[in-house]
Amino acid sequence: MFTKKNLYLKNILRMRVAEGRNLIKGLRLDRNEKVDLWPSNFIHNVLKSKPPSFFSTYPEIANLYKKIAKFDKVSEDQILITSGIDGGIKNLLNILTQPKDVISVLSPTYAMYEVYSKIFQLKLHRISYTENYEVNKKEFENFFKLKPKILFIPNPNQPIENTFGLDEIKKIAARCKKIKCFLVVDEAYFHFGAKSALPLIKHNKNIIILRTFSKAFGVPSIRAGYTISSKDNMEILSKARIAHELSSVSIAVAEYLLDNFKMIRNNVSKIKNSRKLMLKNLRNIGLESRSQYGNYVLIKFKNKTEAKNVVQFLRKRLIYVKGPYKKPWDCFINISLGPFSIMKSFLSGLKEAKRRRLFT
Ligand SMILES: Cc1ncc(COP(=O)(O)O)c(C=O)c1O
């Protein structure tokens with residue numbers, strides 16, 4: 001039976017919100033997904049070499065472990081495959097924390113950090129940004145005084161992007177080590193340009209890396225991610241896994257994309273090119289924007305009303321963008337980046353909004 005201890009879960013607000021997006025005609029720029037489409041023969045190509053028993057058997061994941069290990073030049077026993085980075089975060093909190101422990105994350109960021117903190121009854125210390133998009137030094141220093149268990153650094157973070165270099169990560173890891181704290185580097189946007197902290201795990205036993213197939217690989221649908229750390233760490237961190245980390249279809253897609261990484265490289269280079277062109281175009285429209293190492297751009301409006309009106313205007317034209325955010329980021333919106341040819345209809349929507357004086 002439930003005990004009093006369980007009842008707090010009742011008060012946590014969880015919603016299954018239908019996004020309400022028109023997925024046929026709409027332009028999806030609101031979730032940092034792959035904006036363009038996979039070719040229609042994609043799943044056929046993924047499954048064509050599978051045996052007739054493919055759907056009748058339990059998933060076989062050993063090969064995917066091998067392929068990821070080879071891809072990232074680590075050993076298989078340094079990896080745990082999870083349901084996206086999302087599953088990786090949950091696994092870490094499950095194993096490494098007790099109720100009332102302090103964890104910390106840059107804020108704003110991926111929403112599930114907040115949700116899981118509530119579920120695991122943790123004290124979430126948020127490290128915010130200054131209006132110059134710099135990490136708030138005071139809040140960062142305060143974190144070390146709170147006897148924290150884990151510091152999560154999404155690197156690069158979204159929607160506020162402030163990417164740490166390897167030297168900085170190394171220094172932070174050393175400080176975390178002194179207070180027996182894990183440093184988890186969430187590399188959701190790896191491949192779009194930021195350096196990975198992976199080379200640091202050899203000499204920094206408290207570093208854990210999170211990776212995903214959702215962003216550069218372009219398949220958030222398959223819910224595949226993985227955790228990488230030292231073999232010793234993974235001996236503990238991989239033990240609480242579920243019986244089958246992924247479905248057979250997800251495994252097949254992930255393997256196919258690792259085998260055909262050229263496709264991903266090609267896609268990433270289109271996004272990087274689009275990033276440059278979008279910044280230039282937004283400047284020409286008179287808007288301040290930021291994008292360094294992600295598949296997204298943060299765009300600033302003069303005030304919250306302008307930001308809100310533009311989001312609504314674009315939505316009516318089936319162009320979905322994210323924002324405005326909570327204060328103090330309430331005059332910002334965020335858009336995902338696809339190949340520039342696709343982004344042109346966003347730019348014309350934005351220009352139309354300007355003509356109609358929705359922003360100045
Ligand atoms: C910083 C960050 N971490 C993690 C995630 C979740 O990734 P996944 O789809 O692998 O669960 C996101 C998704 O937007 C993200 O922005």
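Helix axes are lines fitted to C-alpha atoms over the stretch in contact, and angles run from 0 to 180 degrees between N-to-C directions. Helices are DSSP runs (H or I, at least four residues), numbered from the N terminus. This is a predicted model, in which local features need pLDDT of at least 70, side-chain atom pairs count only at pLDDT 80 or more, and totals for chains, interfaces and linings use all residues. Residues are numbered from 1 along each chain as its sequence is written, and side-chain values use heavy atoms, with hydrogens and water left out.

**View 1. Helix α8 crosses helix α9.** The axes of α8 (residues 248-259) and α9 (residues 261-285) come within 4 Å and cross at roughly 75°. The two helices are therefore roughly perpendicular (65 to 115 degrees) to each other. From α8, Tyr256, Leu257, Leu258 and Asp259 make the contact (heavy atoms within 4.5 Å). Phe261, Met263 and Ile264 contribute from α9. By class, the contact residues are six nonpolar, no polar and one charged. Nonpolar covers Ala, Val, Leu, Ile, Met, Phe, Trp, Tyr, Cys and Pro; charged covers Asp, Glu, Lys and Arg; polar covers the others, Gly among them.

**View 2. Phe42 pairs with Tyr256.** A search of the whole structure finds 17 aromatic pairs (ring centres of Phe, Tyr or the six-membered ring of Trp within 6.5 Å). Phe42 and Tyr256 pair edge-to-face (planes over 60 degrees apart). Their centres are 5.7 Å apart, with 80° between the planes. Phe42 lies in helix α1 (residues 42-47) and Tyr256 in helix α8, so the pair ties together parts 214 residues apart in sequence.

View 3. Phe143 and Phe144 form an edge-to-face pair, 5.0 Å centre to centre and 70° between the planes. Both residues are buried.

**View 4. Lys34 lies over the face of Trp38.** The distance from the ring centre is 4.4 Å.

**View 5. Ring pairs build a cluster.** Phe71, Phe213, Phe217, Tyr226 and Phe261 are linked. Phe261 also takes part in the contact of α8 with α9.

**View 6. Ser238 sits in a loop.** The loop runs between α7 (231-237) and α8. Ser238 is buried, at 10% relative accessibility. Ser238 and Gly88 are 150 residues apart in sequence and 9.9 Å apart in space, C-alpha to C-alpha.

Terms used. Angles under 35 degrees count as roughly parallel, over 145 as roughly antiparallel, 65 to 115 as roughly perpendicular and the rest as oblique. Rings of Phe, Tyr and Trp (its six-membered ring) pair if their centres lie within 6.5 Å; planes under 30 degrees apart count as stacked, over 60 as edge-to-face and the rest as tilted. Buried means under 20% relative accessible area, exposed over 50%, partly exposed in between (1.4 Å probe, protein chains only). A charge sits over a ring if NZ of Lys or CZ of Arg is within 6 Å of the ring centre and within 35 degrees of the ring normal.
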